[in-house]
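Please keep the viewer open as you read.

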Amino acid sequence: MKLATYRDGSRDGQLVVVSRDLSQACYANGIATRLQQVLDDWNFMAPQLEALSQSLNQGRARHAFAFDPKQCLAPLPRPSAWIAGDAYPDHGRALRERGIAWPERLSAPLLRAGGAEAMLGPADTPALRGMPGLEPEAQLAVLTADVPQGAVPSQALEAVRLLMLVNDWVLRPVQQEELAGGLPAMHSRPALQFAPVAVTPDELTGAWYLGRAALQLQLMRNGRKQAVLDAKAGMQWSFGDLLAEAARNRPLRAGTLVGAGMPGGGKPVTLEAGDSLRIEFKLGDGPGPFGAIDMDLAEPDHDAGADDDEPPLDDEAETVEKGDSDADPDAEVAAAT
């Protein structure tokens, strides 16, 4: 299933279920209003959301509406933690060749506890104009259930609930100063930006295996292709390895966001005032499973509130009744909260 969070004026937004082709959506508030609720009680709520997702994909959700990525916040606006991993040695090697004091780890993945204060939606224009050396570090990330302290990689991988596309913006000159001085990444990491949709691993049919995803990362600057990077090739450490390393001496709480780092192989993409950037993971020739990050530094800052014609919230979300072969196939029932 595919999930997103619509703007509603609150910090946490409103949970919606999105169709597989990203064309339709419906509110899930008869089941849960926020994604964190689902992550906290996955075994109870996920089957209800899956039933609603099936109804939506079959065209039988009564209150479906056209999905608009511009109405989306980050899928989980306030994660329990943001842990940035570096599963691609080629990316770190390329940074060192540019004179950036990027550390090297050979026996275990490199992890960094990052800030999650500035979480941007897919079309939000970040307040980054005039900042020199602005570069994207687009990557695949996972949202977890609880991960116990000391979990081994196979156990940790079982806690993966959702996959997401996240861009960890970095200011390279500031990063170089911080790394050279042995300082943490405080000022060089101004914001995280997200594609609109989070997906369960089963949505990546045949492409998700043992904590790696066979996806192509595509970056388009000002409408021109900059790079197509293979997210599986060169991934030395799987998400199971990353999560186990993160939980080595402490547990991870449901709603923890863990990134794998940017795949290696591409040339640096440094943005300037007026540039636009589109980031998308591709699975075959079809649309990306997560939607796209589509931002434009030329647009003026504005308060991206909900449109006047935004569909009203329903009191209940529909799910399909199961187990009754004689039931009307169009029948739907409201799921209990």
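Of the 337 residues in the protein, 53% are buried, where buried means under 20% relative accessible area, exposed over 50% and partly exposed in between, with a 1.4 Å probe and protein chains only. This is a predicted model, in which local features need pLDDT of at least 70 and side-chain atom pairs count only at pLDDT 80 or more, while totals for chains, interfaces and linings use all residues. Residues are numbered from 1 along each chain as its sequence is written, and side-chain values use heavy atoms, with hydrogens and water left out.

**Confidence and overall layout**

The average pLDDT of the protein is 86, and 88% of the residues score at least 70; pLDDT is the predictor's confidence in each residue, from 0 to 100. Over residues 304-310 the pLDDT is below 50, and this stretch has 11 contacts in the model beyond near neighbours in sequence. Residues 312-337 also have pLDDT below 50, with 52 contacts beyond near neighbours in sequence. Where pLDDT is low, the predicted coordinates should not be read in detail.

The protein has six helices and 22 strands. These are DSSP runs numbered from the N terminus: helices are H or I with at least four residues, strands are E with at least two. Among contacts between residues at least 6 apart in sequence, 75% join residues at least 24 apart, a contact being heavy atoms within 4.5 Å.

**The nonpolar cores**

The largest nonpolar core has 64 residues, and Leu-140, Leu-163, Leu-165, Trp-208 and Phe-290 touch the most other members. Such a core is a set of buried Ala, Val, Leu, Ile, Met, Phe, Trp, Tyr and Cys residues joined through side-chain atoms within 4.5 Å. Helix H6 (residues 239-246) gives the most to this core, with five residues. A second, separate core of 32 residues includes Met-1, Val-38, Met-119 and Phe-194.

Not counting residues up to four places away in sequence, Trp-208 touches Leu-140, Val-142, Leu-157, Val-160, Leu-163, Pro-201, Ala-213 and Phe-239. As for H6, seven of its eight residues are buried, among them Phe-239, Leu-242 and Glu-245. At the start of H6, a side-chain oxygen of Ser-238 comes within 3.2 Å of the backbone nitrogen of Gly-240.

**Leu-134 in strand E8**

Leu-134 lies in strand E8 (residues 134-135) and counts as buried because its relative accessibility is 1%. Leaving aside neighbours within four places in sequence, the contacts of Leu-134 include Trp-169, Val-170, Leu-171, Val-269 and Leu-297.

**Helix H2**

Helix H2 (residues 42-57) has 16 residues and should span 22 Å at 1.5 Å a residue; its end C-alpha atoms are 21 Å apart, which agrees. The expected span is 1.5 Å times one less than the number of residues. Buried residues in H2 include Trp-42, Met-45, Leu-49, Leu-52 and Leu-56. Just after H2, Gly-59 takes a positive phi of about 75°.

**Aromatic pairs**

The structure holds six aromatic pairs. Rings of Phe, Tyr and Trp (its six-membered ring) pair if their centres lie within 6.5 Å; planes under 30 degrees apart count as stacked, over 60 as edge-to-face and the rest as tilted. Two of the pairs share Tyr-27.

| Pair | Centre to centre | Angle between planes | Type |
|---|---|---|---|
| Tyr-6 and Tyr-27 | 6.2 Å | 90° | edge-to-face |
| Tyr-27 and Phe-65 | 5.1 Å | 40° | tilted |

Tyr-27 is buried at 2% relative accessibility, and Phe-65 is buried with a relative accessible area of 9%. Tyr-6, Tyr-27, Phe-65 and Phe-67 form one aromatic cluster.

Thr-200 is found in the loop between strand E13 (198-199) and strand E14 (208-209), and is buried with a relative accessible area of 8%. Which backbone nitrogen does the side chain of Thr-200 reach? That of Met-1, at 2.7 Å. The Thr-200 side chain also makes a polar contact with the side chain of Asp-202 (2.4 Å). A polar contact is a pair of N or O atoms within 3.5 Å; within protein, one must be able to donate a hydrogen and the other to accept it, and residues adjacent in sequence count only if both atoms are side-chain atoms.
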